[in-house]
Amino acid sequence: MDENIHYGILAFTDNVFNELAKAQERLRSKDEHALLCSLQKLEEQGNIIHRTLSNIGSHSPLKLLLCHILLDVLQFLQENEGISLRQEDHRVAPQPCPIRLGSRGRGSFIIDPKQVKDYRQAGMSWTEIAATLCVSRKTLYNHCREIQLEERLSDAEVNEIIDELKAEDPRSGESYVGGEIRARGHHVSRERVRKLLRLKDPLGTAQMVQDKTIRKVYHVKGPNYMWHLDGNLKLVYYGIYVYGIVDGFSRKVMALEVGNNKTASAVGGCFLRAVRRFGVPERIRSDKGGENVDAATLMLQIRGTRRGSFITGRSVHNTRIERFWGEVNRITLRFRKLFLNLCLTNKLDVDNDLDLFSLQYVFIPVIQETLYRFERRYDCHKIRTGHSKTPKALYMSRSKAPVFGFDCPSYDEDNLVSLPCEEANEWLTHAESLCPNPSEIKYEDSVDVYHMLRSFLKHLYQ
């Protein structure tokens, strides 16, 4: 055999050994993307070895060496075959309906009404649901008509929903009205919503058409491949913070919580609750704030180091969550106006701990409930740059980022709501006796409850 060919084969075997070592290291560090690249490269190298063996004499020592290498490569590829398949196919496979077998004739399909309702709430069309369930559109429609899956809403009921949304956000348009209707389990055609909105608010509808913004393309591989974490400080003057996590691919809200402290343990607990609900993300992006330290530590424990598990940078580059805050700020605007009015009328002193305690005790549950309703509406509204699909439908349309043996680490979660001073323990006892269930307070009654609690505590302690 030519000496140059001999040295070339030896150099090639060194490359194969190095690639095998890299793949094993990436498997231990749980770096799925790099591991997939190594698996593809090893597969190509295995094909090269297979073709080379046919051109080497049977008594050559190189043939025995290449056979051993080929066996090692094939064994490693076989052990990790599931990883490559899970990574390559990101579409959710169809879920065929079971068939009810009877004594005579062809069996009928068993379609779960709750499953169909979830798909409709996510904004999926009948055609998309039928394709997912592997039945015809007519079969699905007839089955849902028999069980009366959707109730018809009258124009008066739709107008009532529009009035509720306009009270929370005057700029709510066709997309959010449709999202609220879907979140409540109903369905109304887009043309009908548009017609009623034009009758209700013709000037606002015309203005929203003119204010259409051209968005840049932001690409993420799939759900749970990138989460965006940040805090909103629009209410920080009153000691109230909002924390949010958004999925980079689908824009679905992973967490949206309100509190009165900005500690690392509070943000870490918020992140861990999102992980328990939706699984572990591949990566997280946030700013360099100290409150994100515990979330970063948890992410590094789960996903590993030196692979970009927790990416930090300027807030302006945290695209998804910054865009999301624009929507949240429209919801919290009426609370900012309300608190400012209380300050201007001398009914709230932000330098007085008792006033701040009364305000936070009453309004944090009210704000949380308002944001919870907004989250449901946001996850069910259709996105123009998402092919007119809802965040919930986009999140369900792809397979999630794979997880390698995830064990949730032990962690001492701090409460998002803490007491401002030592005397607040006594204030809390009296507040609970006067208003035992602050989560049941409605926005319309919140100001009166605040005045009552503030006067009661001032009478006792000042």
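1. How many bridges join strand 3 to strand 4, and do the two strands run parallel or antiparallel? In this predicted model, strand 3 (residues 227-232) and strand 4 run antiparallel and are joined by six bridges. Within this pairing, Leu 229 has Ile 245 of strand 4 as its bridge partner.

2. Strand 4 itself, residues 241-247, is mostly covered, with seven of its seven residues buried. Tyr 241, Tyr 243, Ile 245 and Asp 247 point one way from the strand, while Val 242, Gly 244 and Val 246 point the other way. This may be read against a general rule: in a regular strand, side chains alternate between the two faces of the sheet.

3. The hairpin of strand 4 and strand 5 has five residues between the strands. Arg 251 lies in this loop, and its phi is near 70°, a positive value in a residue other than glycine.

4. Asn 346 is located between helix 14 (319-344) and helix 15 (353-379). Although Asn 346 is not a glycine, its phi is positive, at about 60°. Is Asn 346 buried or exposed? Its relative accessible area is 66%, so Asn 346 is exposed, since that term applies over 50%.

5. Helix 6 covers residues 126-133, and its buried residues are Trp 126, Ile 129, Ala 130, Thr 132 and Leu 133. Viewed down the helix axis, these buried residues fall within an arc of 160°, which means that they line one face of helix 6. Just after helix 6 comes Cys 134, with a positive phi of about 60°.

6. Some totals set these details in context. The chain contains 18 helices and seven strands. Of its 462 residues, 47% are buried. Among contacts between residues at least 6 apart in sequence, 72% join residues at least 24 apart. The chain exposes about 24,900 Å², of which carbon and sulfur atoms supply 52%.

Key. Residues are numbered from 1 along each chain as its sequence is written. This is a predicted model: local features need pLDDT of at least 70, side-chain atom pairs count only at pLDDT 80 or more; totals for chains, interfaces and linings use all residues. Side-chain values use heavy atoms; hydrogens and water are left out. Buried means under 20% relative accessible area, exposed over 50%, partly exposed in between (1.4 Å probe, protein chains only). Helices (H or I, at least four residues) and strands (E, at least two) are DSSP runs, numbered from the N terminus. Two strands pair if DSSP finds at least two bridges between them. The arc is that of the directions from the helix axis to the C-beta atoms. Contact means heavy atoms within 4.5 Å. Accessible areas come from the Shrake-Rupley method with a 1.4 Å probe; for residues, only the protein chains shown count as cover.
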